[in-house]
Amino acid sequence: MAGFDDAGKPHYVGHRKRLRQRFYEGGSDALPDYELLELILFGAIPQGDVKPLAKALVAKFGSFAEVINAPDERLLEVKGVGER
């Protein structure tokens with residue numbers, strides 16, 4: 001939930017911080033697969049919105065676990081996935 005400091009700012013401001021906080025507080029059960037994947041993608045893509053990519057990966061492979069275990073060549077079939 002956005003705080004008063006976020007009033008008037010776009011919804012995505014602070015998204016990464018809020019997502020990390022939800023993970024710290026509730027663990028992996030507190031997040032859907034695509035948000036767990038977002039946490040991983042934050043390290044590879046330091047700026048920008050990774051949610052569409054995370055959702056595309058889960059849609060293609062079916063789950064967080066399947067994305068993590070997918071071979072590199074299959075991952076590269078998804079638009080937005082690069083060598084990093």
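This is a predicted model: local features need pLDDT of at least 70, side-chain atom pairs count only at pLDDT 80 or more; totals for chains, interfaces and linings use all residues.
A pair of aromatic rings is described by the distance of the centres and the angle of the planes. The chain contains one aromatic pair. This pair is formed by phenylalanine 23 and tyrosine 24, with ring centres 6.3 Å apart and planes at 55 degrees to each other. The arrangement is classed as tilted, since an angle over 60 degrees would be needed for edge-to-face and one under 30 degrees for stacked.

Helix H1 spans residues 15-26. Its 12 residues extend 16 Å from the first C-alpha to the last, close to the 16 Å expected at 1.5 Å a residue. Three residues of H1, namely His15, Arg16 and Leu19, are buried. They lie on the same side of H1, because the arc that they cover around the axis is only 100 degrees. An α-helix has 3.6 residues a turn, so residues three or four places apart point the same way. On the other side of H1, the exposed residues are Lys17, Tyr24 and Glu25. The cover over the buried residues of H1 includes helix H2 (33-44) and helix H3 (51-61). Just after H1, glycine 27 adopts a positive phi of about 75 degrees.

The buried residues of H2 are Glu35, Leu36, Leu37, Glu38, Leu41 and Phe42. Among the elements that cover them are H1, H3 and H4.

Serine 63 is located in the loop between H3 and helix H4 (64-69). With a relative accessibility of 18%, serine 63 counts as buried, because the cut-off for burial is under 20%. A polar atom of the serine 63 side chain lies 3.1 Å from the backbone nitrogen of glutamate 66. When neighbours within four places in sequence are left aside, serine 63 is in contact with Asp33 and Val58.

Leucine 75 belongs to helix H5, which comprises residues 72-75. The relative accessibility of leucine 75 is 18%, so this residue counts as buried. Beyond its neighbours within four places in sequence, leucine 75 is in contact with Leu57, Phe61, Val67, Ala70 and Val81. For phenylalanine 61, one of these partners, the separation along the chain is 14 residues, and its C-alpha atom lies 9.1 Å from that of leucine 75.

Considered as a whole, the chain has five helices and zero strands, giving the pattern α-α-α-α-α along the sequence. Of its 84 residues, 25% are buried. Among contacts with a separation of 6 or more, 31% involve residues 24 or more positions apart. The accessible surface of the chain is about 6,000 Å². Carbon and sulfur atoms account for 54% of this surface.

How values were computed:
Residues are numbered from 1 along each chain as its sequence is written. Side-chain values use heavy atoms; hydrogens and water are left out. Helices (H or I, at least four residues) and strands (E, at least two) are DSSP runs, numbered from the N terminus. Buried means under 20% relative accessible area, exposed over 50%, partly exposed in between (1.4 Å probe, protein chains only). Contact means heavy atoms within 4.5 Å. Accessible areas come from the Shrake-Rupley method with a 1.4 Å probe; for residues, only the protein chains shown count as cover. The expected span of a helix is 1.5 Å times one less than its number of residues. The arc is that of the directions from the helix axis to the C-beta atoms. A polar contact is a pair of N or O atoms within 3.5 Å; within protein, one must be able to donate a hydrogen and the other to accept it, and residues adjacent in sequence count only if both atoms are side-chain atoms. Rings of Phe, Tyr and Trp (its six-membered ring) pair if their centres lie within 6.5 Å; planes under 30 degrees apart count as stacked, over 60 as edge-to-face and the rest as tilted.
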